[in-house]
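Subject: Structure handover and notes

Dear colleague,

I am passing the structure below to you, together with notes on what was found in it. Please read the notes alongside the coordinates.

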Amino acid sequence: MHFAHNFQRSLPILGCVAALASTAVAFEGRIQAVMTQGNDTRTLLYTVGTDSLRVEMTATNWPNPVDIVDRNSGALTLLFPNNRSFVHLKPATEPATATVPEAPNMPMTPAGLPLGIGPRSAPGAPSMPAMPNMPALPFGVGPQQQVTPAMPPRPVMPNLPGTPGTPAAPAMPAMPAMPMMPMPGDKLVLQATGKTVDILGYACQQYELKQRGEILEIWATEELLPFKPYVQNQPHRFGPQRLDDQWPALLTSRKLFPLRVSLRHDHGAERFRFDVQSVTPQKLTADDAKLFQPPTGYFEIQPLPF
Amino acid sequence: MKTQLTRPIAALALLALSILDSQLSSVFAQGSLAPPGAPAASMKSLDQIEPRTPISSAPCTISAPGSYYLTANLHVNGGDAIDITASGVTLDLNGFTLSSSEATPAGTGINLAGANTDITILNGHIQGGVTYGIGGVYGGAGFRNGIGFSYTIPANVRVSGVSVSGCAAYGIKLNISNSTVVDSCTVQNIGVWGIQAGSISHSVAELCGDTAIFAATADSCYGNCTGSGWGLYSGTANNCSGLNTGSGTGLSANNANNCYGQANGNGDGLDALTANNCQGSSGGSGTGVRAGATATGCYGHSGTGAGLSAMTANNCQGQADSDGDGLDATTASNCQGHSNGHGNGLNADQTATGCYGYTGTGIGLSAGCANGCSGQSDSGDNAGLSCNIAINCYGTMNGTGSGTGLSAGAANNCQGTSNNGTGLWASTASSCFGSSVNGTGLTSNYGNFSFGFSLTGTPVIIYYTQYNMP
């Protein structure tokens, strides 16, 4: 009786241990993915060992760099087949969330109207303004003579909404699509949408990132490994980071691996896609160990002194 | 008769002069007309001014301060050609060439060994047999480095008028922070880095497997990288040009002035914190010009990425051939953005002033606040100009698209036109005019002295309140 009671108490603990054990087994094997941007399609191969990761571009006859990552420390070794050299880079200390840089104060943004547009309250009756003075139009822009007619004569007075005795005014339809502007200091945060789907047998959750009229949709899983983007040289940039530069670090910090990524404009046109084509769990052989070291005959170069 | 008289007079005058001249010459004589002896030496020889030591064979080591010069072309089959292990050395290659035929390049043409200072290398050539071959690979015999240092870092080093070619790793490699200067040098067919130094001027690095020129300050330089590095990377770059024919960035600098960067692959054309009068182009998905702070008077172009991206853009232009945005900025002033595909012509997160944006099917101009701006979209269901606040703006939606000409939270003194959609759509419209062929001319919650016209649709829809309306 006492034993049974103890056993019952320990069941949830055993369940947790079993669950932890199943997720604690690090993925080992190969992942093949295709990245498409514009007319450019790249095939990436992830060779995942217990302690190391190799990322390379395949299906190409060009000597592209190869990434070797120490999965424990995060240190990166870049191999350059074009000149038979390699460089060791210390682990990057990237922020977990990307931040839009600070900028001067923005004029007061109206709120409370569809899609964040418009004033918060109705304005008071303004004084009679001057006749509209239309801005000068750039060359080739503006109303076409044969398409847009000139200012018409005094139009018929439209029905005023809410006037007693008239039907209720229809609600103003939604404003046309307008990108939401990132505010200074806003952090890009990986937002889970709550949608889930199985891709290649892996339970994936959907995440979204939005910036400058673009939506990045990510289907990612915790069952593989923390994502490492393929890099071709020492990552360093003066200019602002765009959405497509920032999402990999957000996934890495959450220990997620994407099986599908799609970057679209608000209006639907896709301009970037990442698709995992196959995931092959397999124990790597002793021969595979050499994949995680610079080949014989390669010489070491120093990192650029940024 | 007159002629007969003058002849005897002239003859007499000549006779008198000849007598007088012989007497004068003896009266005013200053000495002997015999030439003096050979002049004595009055100048110092070159050796007296600066004793120079000839170098006539390699390998050799310069281990004492002084001035050295080559007397012939020198060749080594392996290892370094010249090692400099002392401070205060000037080495004049004297127009001659150091070369190597080492099968697996390991040696250096001129190796600066030890933490020495005050070294100058001038006027000559360093050659190996490494070449950039088909398939993008560097290979061949020769030096590993043209001019370099090992382990410890030399300081106060100047390299001038030297050409380096055919090295497996570095062309001219000095430390960038130890008063090192490279001027008027050329390097070519270098496996890794072309030239690295604190200050590089009037120099060219062509066909380098990684970063071609790396400097704290680069002036009037050109670098070409065939790999994933940079054509030119510098703290400050003036009048420079960087080309990347591989996958990296054309030109990158903290401050770039009058520079040009081009990436034929997916790298950025020109990447800078501050860019003035610069131009950048990316053939792939990179950004034409990317400026972390301010871009002034710049032009950026990209194949499938964004044309120009900056925190603040003044008098700039960006063009995207495909689906990228033409110009992205937090604040844009007197700028133009152009996207041929689905991207937006010009995006300004905060304010756009005096700007113009054009797009194929995206939003012509999108801004938080737009003042004196114009936006145009040729098709689709987006908007010619879309913003929170529009003042003195114009937006047009051409073609068969059903989008809005101008869409704003508050529009003041604006105009919008559309073929099939709404001409102008604003929550608050004041002194505005909207026109449409088949859609509604002007739609608003609150209208004030605003007008609309439609050929086949409704001229004006005001949902709540209108003032001073016809």
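Which order do the twelve strands of the open sheet in chain A have? The order is β9-β10-β11-β12-β13-β1-β2-β3-β4-β5-β6-β14, and the pairing is mixed; two strands count as paired if DSSP finds at least two bridges between them, and strands (E, at least two residues) and helices (H or I, at least four) are DSSP runs numbered from the N terminus.

Before the details, some conventions. This is a predicted model, in which local features need pLDDT of at least 70 and side-chain atom pairs count only at pLDDT 80 or more, while totals for chains, interfaces and linings use all residues. Residues are numbered from 1 along each chain as its sequence is written, and chains are lettered from A and ligands numbered from 1 in the order in which they are written.

Chain A calls for some caution: its average pLDDT (the predictor's confidence in each residue, from 0 to 100) is 71, and 61% of its residues score at least 70. Over residues 94-171 of chain A pLDDT stays under 50, although the model has 130 contacts beyond four places in sequence for them, a contact being a pair of residues whose C-beta atoms, placed from the backbone, lie within 7 Å. Residues 175-185 of chain A are also below 50, with 39 contacts in the model beyond near neighbours in sequence. Where pLDDT is low, the predicted coordinates should not be read in detail.

To return to the sheet, its edge strands are β9 (191-199) and β14 (299-300) of chain A, each of which pairs on one side only. Helix α2(A) packs on this sheet, where it touches β10 (202-211), β11 (214-221), β12 (257-265) and β13 (270-281) of chain A, and its direction makes about 25° with that of β11(A); such angles run from 0 to 180 degrees between N-to-C directions, with axes fitted as lines to C-alpha atoms, for helices over the stretch in contact.

Within α2 of chain A (residues 243-253), A:Asp244, A:Trp247, A:Leu250 and A:Leu251 are buried, that is, 20 or more other C-beta atoms lie within 10 Å of their own, again placed from the backbone (12 or fewer would be exposed, and in between partly exposed). Seen down the axis of α2(A), the buried residues fall within an arc of 105°, so they line one face of the helix; the arc is that of the directions from the helix axis to the C-beta atoms.

Chain B has two helices and 45 strands. Its radius of gyration, taken over C-alpha atoms, is 37 Å, whereas a compact globule of 470 residues would have one near 23 Å, by the rule of 2.2 Å times the number of residues to the power 0.38. The C-alpha trace of chain B spans about 125 × 95 × 35 Å along its principal axes, and 63% of the 470 residues count as buried.

In strand β43 of chain B (residues 442-448), seven of seven residues are buried. Strand β43(B) runs parallel to β41 (residues 424-430) of chain B, to which six bridges join it, and six bridges also join β43(B) to β45 (residues 460-467) of chain B, again in parallel. B:Asn448 is the bridge partner of B:Ser430, and B:Tyr446 stands opposite B:Thr465.

Kind regards

Terms used:
Two residues are in contact if their C-beta atoms, placed from the backbone, lie within 7 Å.
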